[in-house]
Amino acid sequence: MAYETLIVDVEDHICLIKLNRPDAMNALNAQLLAELGKALGAAQSNDKVRCIVITGSEKAFAAGADITEMAEKSYVDVIFEDLFTDEVAAIQKVRKPIIAAVAGYALGGGCELAMMCDFIIAADNAKFGQPEINLGVIAGIGGTQRLTKLVGKSKSMDMHLTGRFMAAEEAERSGLVSRVVPAKKLMDEAMGAAAKIAEKSAIATMAVKEAVDRSYETTLQEGLLFERRLFHSLFATEDQTEGMTAFVEKREPQFRDK
C-alpha cells in the first residue's frame with residue numbers, strides 16, 4: 001500500500017515505519033494516524049514481520065498532534081467523532097513487539113505515541129514532553145496515565161503542569177526510555193534490538209507483551225497468576241521444546257512459531 005505520511009519498509013522480519021511529515025515536524029494529523037493504523041494492521045497480519053520499529057526524523061519523532069486540525073473544533077465535534085479513540089485502538093490491537101526509536105522532539109501526541117510502543121530507545125538529543133497545558137487543554141492520548149505509571153506522580157505532574165521537556169538522560173534515569181545512544185547510532189541500535197527480538201519465538205514474544213502489559217491493569221497476585229498460566233501454556237509449544245533442547249545441546253535454537 002502507498003502511504004503519503006509514512007515510509008514503510010519490511011526487511012529481515014522487521015517492519016520499519018518512519019513518520020514522514022517533515023514540514024510539520026511529523027505532527028500527528030488525522031491522515032498520519034489513519035495511515036499508521038493501517039500500516040500497523042498490515043504488519044500484524046504479515047507473517048514475515050516479527051517486530052516493528054516506529055521512528056521519525058533526526059529533528060523530531062513527532063512534535064505533537066496537529067493543532068491546526070483541532071483549533072476550530074468544539075466539544076460537540078470532538079465528543080461525537082470520539083477524537084483519537086479509533087486511532088489508539090488500532091495501535092493497541094497490535095500483538096507483535098513495537099520499538100519506538102526517538103530522536104529530537106517527542107512532544108504531546110508524539111510522546112504519547114512513543115509510550116504506546118513496547119519500549120523506547122532514545123537518541124541523546126531526544127526531548128520528551130506533554131506541553132498541552134500551554135494550549136489550555138490536557139493530554140488526550142494517554143499522557144496523564146502512561147507517563148505517571150512510567151515515571152511516577154511527581155515528575156508526571158511537573159511535566160503536565162509546567163509543560164517542561166525531559167531530556168534523554170533524565171528520561172532514561174526516570175524509566176521512560178530503555179536506553180540512550182548517540183543520535184548517529186540510534187537506528188543501528190533500534191534495528192539491532194528488533195533483529196534480536198525477531199530471532200525469538202513469536203509465541204513467546206507475544207506472551208511477554210501480554211504479561212508485562214497486564215501488570216499495569218491488575219493486582220500483583222492476579223498478574224502473577226496470569227504470568228504463571230502463560231508460562232505453563234508455553235510448555236505446549238514446539239518452540240519450548242526446541243529452546244530448552246538447544247540450551248542443553250549448547251546450540252542456537254531454531255524456532256518455528258509452533
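Predicted model: local features only at pLDDT ≥ 70, side-chain atom pairs only at ≥ 80, totals over all residues.
How many bridges join E5 to E7, and in which sense do these strands run?

1. **E5 and its partners.** Strands E5 and E7 run parallel and are joined by 4 bridges. Within this pairing, Ala100 stands opposite Ile120 of E7, and Ile99 stands opposite Phe119 of E7. E5 also pairs with strand E3 (residues 51-55), again in the parallel sense and over 4 bridges.

2. **Burial of E5.** Strand E5, which spans residues 98-102, is mostly covered, with 5 of its 5 residues buried. The cover extends to both faces of the strand. Ile98, Ala100 and Val102 are buried on one side, and Ile99 and Ala101 are buried on the other.

3. **E7 and its link to E10.** E7 is largely enclosed by the rest of the structure, because 4 of its 5 residues are buried. Besides its bridges to E5, strand E7 pairs in the parallel sense with strand E10 (residues 179-181) over 3 bridges. Here Ala123 stands opposite Val181 in E10.

4. **The nonpolar cores.** Which residues touch the most other members of the largest nonpolar core? They are Ile52, Ile54, Phe128 and Leu176, in a core of 45 residues. Helix H1 (residues 30-45) gives the largest share of this core, 6 residues. Apart from it lies another core, of 14 residues, which includes Cys51, Ala101, Ala103 and Ala123. In soluble globular proteins, nonpolar side chains tend to be buried together.

5. **Surroundings of Ile54.** Leaving out residues up to four places away in sequence, Ile54 touches Ile17, Leu19, Leu36, Leu40, Phe61, Ile98, Ile99, Ala100, Ala101 and Cys117.

6. **The largest pocket.** The volume of the largest pocket is about 970 Å³. Its lining consists of 33 residues, and Met115, Met116, Cys117, Asp118 and Asp213 lie nearest the centre. At least two lining residues come from each of helix H4 (85-92), helix H5 (109-116), strand E7 (119-123), helix H6 (143-151) and helix H10 (202-214). Which of the elements gives the largest share of this lining? That share, 8 residues, comes from H10. By class, the lining comprises 18 nonpolar, 6 polar and 9 charged residues.

7. **The second largest pocket.** This pocket has a volume of about 600 Å³. It is lined by 26 residues, with Met70, Phe84, Glu132, Val137 and Ile138 nearest its centre. Helix H2 (67-70), helix H3 (75-81) and H5 each contribute at least two residues to the lining. H5 likewise supplies at least two residues to the lining of the largest pocket. The lining of the second largest pocket has 16 nonpolar, 6 polar and 4 charged residues.

8. **Glu35 in H1.** Apart from neighbours within four places in sequence, Glu35 is in contact with Tyr3, Glu4, Thr5 and Leu6. The C-alpha atoms of Glu35 and Val181 are separated by 29 Å, and the two residues are 146 residues apart along the chain.

9. **Asn29, in the loop between E2 and H1.** Asn29 lies in the loop between strand E2 (14-19) and H1. Its relative accessibility is 8%, so Asn29 counts as buried. When residues up to four places away in sequence are not counted, Asn29 touches Arg21, Asp66 and Glu69.

10. **Glu87 in H4.** Glu87 has its place in helix H4. With a relative accessible area of 23%, Glu87 is partly exposed.

Notes:
Residues numbered from 1 in each chain as written. Heavy atoms only, no water. 1 Å grid on protein atoms, 1.4 Å probe; cavity = no way out; pocket = protein on both sides within 12 Å on 5 of 7 lines; lining within 4 Å. Points joined across faces, edges and corners; volume = space filled by probe spheres on them. Nonpolar A, V, L, I, M, F, W, Y, C, P; charged D, E, K, R; others polar. Buried < 20%, exposed > 50% of the residue type's maximum accessible area, 1.4 Å probe, protein only. Pairing = 2+ DSSP bridges. Core = buried A, V, L, I, M, F, W, Y, C linked by side-chain atoms within 4.5 Å. Contact = heavy atoms within 4.5 Å.
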